[in-house]
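User: Hey, can you walk me through this one? I'd like to go piece by piece.

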Amino acid sequence: MDGSSEKAPAPRNVLIVGVGGQGVILVSKVLALICQRQGLEVKQSEVHGMAKRGGGVFSHVRFGPKVWSPTIPQGEADVLLAMEWSEGLRWLNHMRRDGGTFIADTRRIIPPFAFRSRKHGSQSAYSSQAPREVMEMVGSGYALDASKIAADLGEKRAANTVLLGVLSMALEFPVEDWREVIAETVPAKALEVNRLAFEAGRDWVETTRAIPLAERLKDLPGREAEAETLAPVDIRFEITAEWCKGCDICVKMCPERCLRLNDRLVAELTDAQACTGCRICEWLCPDFAIRVQRVPVLEPVA
Ligand code: SF4
Ligand code: SF4
């Protein structure tokens with residue numbers, strides 16, 4: 001048997017998951033371009049067709065000297081990169097148990113249909129597993145508030161680039177390649193903030209690695225944070241009248257029938273107490289004219 005019949009090493013697998021609008025596809029594109037720069041074969045497959053704002057999106061990226069299949073078998077992702085917390089939990093069984101790395105933004109994006117009760121300010125059926133207990137179980141990886149890091153840099157939408165910075169520390173590719181590919185991929189006007197976000201992600205890993213695991217776990221949100229999210233909430237409904245084109249979508253889709261178009265053909269809330277705060281109207285409005293906030297009701301100070 002000659003050398004040419006030797007089996008090529010198994011491909012490396014990175015699974016990127018999140019929800020529509022977070023930049024899952026951009027992250028996988030950057031990774032695929034970096035792999036190509038190394039002369040590796042790369043295959044990428046994704047599902048995002050149903051991901052109208054907030055729907056699940058995932059992308060499989062496989063790279064190596066030879067890659068046959070574009071999809072990662074269950075239990076074989078070397079890295080699971082979750083841009084939304086519960087999406088990460090949903091895909092955990094795809095991660096390699098022996099040495100897989102879990103990277104997750106602890107940000108929770110609760111889908112409207114998670115609100116099953118029809119009461120004003122009702123609670124959602126979102127996962128109750130807190131970052132501390134999940135990271136304790138997984139053992140290897142990073143859970144961070146990437147969205148806050150990005151927001152502190154002035155652009156919340158750069159959370160995906162913060163996570164790219166973290167991912168760059170988990171893979172063996174030269175950092176200059178990451179910097180160059182990001183510069184070639186993001187729009188010119190967003191270049192500076194993305195550059196800062198990438199470095200912030202890398203710095204976060206450098207700092208975190210120096211902290212013993214037990215200490216790190218203490219800093220993560222635990223069950224007590226979950227209890228806070230189950231506290232009573234008030235609903236704040238805001239509409240930017242100038243952006244509303246009176247398409248009627250929110251009115252037709254509101255499960256509580258508490259919206260209408262007024263005589264100027266602008267949507268308005270007719271019954272604040274009937275609104276559950278489910279955010280279906282916000283997610284479906286094509287013009288981003290509605291904002292629904294769930295604000296915790298603070299206990300009166302004794
Ligand atoms: S979906 Fe948006 S644009 Fe359409 S009526 Fe409602 S608020 Fe206005
Ligand atoms: S107004 Fe919006 S947030 Fe309130 S119940 Fe209707 S769809 Fe849900």
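**Helix α5 and onwards**

Analyst: Helices (H or I, at least four residues) and strands (E, at least two) are DSSP runs, numbered from the N terminus. Also, this is a predicted model: local features need pLDDT of at least 70, side-chain atom pairs count only at pLDDT 80 or more, and totals for chains, interfaces and linings use all residues. Residues are numbered from 1 along each chain as its sequence is written, and chains are lettered from A and ligands numbered from 1 in the order in which they are written.

User: Why is α5 called largely enclosed?

Analyst: Because 10 of its 12 residues are buried, α5 is largely enclosed by the rest of the structure. Buried is 20 or more other C-beta atoms within 10 Å of the residue's own, exposed is 12 or fewer, partly exposed is in between, with C-beta atoms placed from the backbone. The buried ones include A159, N160 and T161.

User: Which residues of helix α3 are buried?

Analyst: In α3 (residues 131-138) they are P131, R132, V134 and M135. They cover an arc of only 165° around the axis, so they sit on the same side of α3. That arc is taken over the directions from the helix axis to the C-beta atoms.

User: And what covers the buried residues of α3?

Analyst: The cover includes α2 (85-90), β6 (141-144) and α8 (213-219), where contact means C-beta atoms, placed from the backbone, within 7 Å. After α3 comes G139, with a positive phi near 85°.

User: Switching to strands: how many residues of β3 are buried?

Analyst: For β3 (residues 56-64), 7 of 9, so to speak mostly covered. β1 (residues 12-19) pairs with β3 in the antiparallel sense over 8 bridges, with G18 opposite V57. β2 (residues 41-47) also pairs antiparallel with β3, over 7 bridges, and there V47 stands opposite F58. Pairing needs at least two DSSP bridges between the strands.

User: Ligands now. How many residues surround ligand 2?

Analyst: 13, and the closest are C254, C275, C278, I280 and C281; near means a C-beta atom, placed from the backbone, within 6 Å.

User: What surrounds ligand 1?

Analyst: Its shell includes C244, C247, C250 and C285, along with K245, D248 and D287.

Key
Two residues are in contact if their C-beta atoms, placed from the backbone, lie within 7 Å.
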